[in-house]
Amino acid sequence: MSTETNFIQSVVLDDANSTLVILDQTLLPNEKVFLRLTSQNQIWEAIYALRVRGAPAIGIAAGYGAYLGTKESKAKTYEELYEDFKKVKEYLASSRPTAVNLFWALDRMESRFKKEVGKTPDEVKSALREEAEAIRAEDEMVCKTIGENALSLLKDGMGILTHCNAGAIATAKYGTALAPIYLGKERGINFKVYADETRPLLQGARLTAWELQEAEVDVTLIADNMASIVMKEGKIQAVLVGCDRVAANGDTANKIGTSGVAILAKHYGVPFYVCAPLSTIDLNCKTGDDIHIELRPGEEITSKWYEKPMAPEGVKTYNPCFDVSDNRLITAIVTEKGIAYPPYTESLPKLFE
Ligand code: MRU
């Protein structure tokens with residue numbers, strides 16, 4: 001008998017109150033607080049500060065943000081409204097640079113805007129609401145299908161290592177890398193999941209370990225530097241990670257530390273799978289070198305989650321938020337349109353046909 005997982009909705013629109021309701025992921029696992037965001041500035045800040053995070057969830061929030069920002073406009077004509085829309089779009093696009101879903105969602109909102117040419121501002125606003133809702137609803141289906149496809153690569157009882165959080169709260173539902181784990185659980189197929197804590201912002205410890213434990217999945221938390229020993233001890237049969245941008249040659253940007261895990265997996269002969277909705281594949285980016293890697297404040301390393309600073313005052317820091325796993329380290333890229341294998345320059349474009 002299959003029982004559907006009870007997922008938390010981490011990004012929802014409350015249209016009647018022109019509000020975006022998000023689960024504040026920075027407060028997890030200690031507090032489950034839903035924020036009610038009404039201004040563009042609040043939505044921008046929520047994306048920048050990782051209150052809403054994970055590539056698909058960022059895209060969903062940006063879609064709703066573009067709608068709500070435009071809804072406020074007092075423009076009297078289509079053209080005036082378009083000017084206001086473009087300002088909102090540009091502003092939200094400046095919140096984070098790496099996850100292509102942010103730009104993908106905003107471009108999709110703009111395409112919808114352009115399709116409504118000649119309509120009244122009220123009609124255009126309602127089309128934008130429809131588009132933003134469609135982005136969210138489609139993500140639910142996309143994630144579930146990624147889960148089905150990834151599940152076909154796994155066997156009951158396998159040990160799975162994951163890095164960062166590519167779970168339900170990073171998407172509309174199911175997550176990407178965690179989708180096969182949830183789907184498996186619903187069907188009585190169980191895995192032993194190892195979650196890297198994911199320094200410095202601890203998405204693995206605070207979010208992945210939390211959401212899997214809530215779903216009663218067998219999850220073990222390890223510090224990032226323990227990935228090698230668990231692989232060496234034979235505890236891991238597959239690595240599953242999400243991603244923020246996949247280049248046309250398969251090079252993949254994901255949370256800092258992912259490329260190290262990919263190198264280890266190659267060394268120990270463990271398959272390394274990237275789970276990616278098509279909205280995260282950027283064929284305009286030729287290779288990983290073309291992916292803009294976000295740099296964040298050093299205090300995230302020195303003091304952010306500590307009661308007292310854990311580094312000497314004034315020490316120099318370098319805090320790249322993502323790294324790129326070379327395509328040669330990636331066994332397969334699992335999408336909603338099927339599983340792409342190397343050479344990715346051939347298999348990835350086929351997914352879009
Ligand atoms: O900085 P974050 O927490 O937004 O980084 C998120 C990740 O790296 C995820 O693995 C990725 O966005 C995929 S989420 C399905």
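Modeller: Helices (H or I, at least four residues) and strands (E, at least two) are DSSP runs, numbered from the N terminus. In those terms, P200 is placed in the loop between β5 (192-196) and α7 (203-214). The model is predicted: local features need pLDDT of at least 70, side-chain atom pairs count only at pLDDT 80 or more, and totals for chains, interfaces and linings use all residues. Residues are numbered from 1 along each chain as its sequence is written, and side-chain values use heavy atoms, with hydrogens and water left out.

Biologist: What makes the peptide bond between R199 and P200 cis?

Modeller: Its omega is about 0 degrees. The bond from P342 to P343 is also cis, with omega near 0 degrees, and P343 belongs to the loop between β14 (338-340) and α11 (344-351).

Biologist: Why is the phi of S18 worth noting?

Modeller: Most residues other than glycine have a negative phi. S18 is not a glycine, yet its phi is positive, near 45 degrees. S18 sits in the loop between β1 (11-14) and β2 (19-23).

Biologist: Which residues are closest to the ligand, and what makes a residue part of the group around it?

Modeller: The ligand is surrounded by 18 residues, the closest being R53, A55, R96, N254 and K255. The shell comprises 8 nonpolar, 6 polar (Gly among them by class) and 4 charged residues (Asp, Glu, Lys or Arg). Domain 1 (11-143) and domain 2 (146-350), bounds that come from an automatic or database assignment, each give at least three residues to the shell.

Note on methods:
Near = heavy atom within 4 Å.
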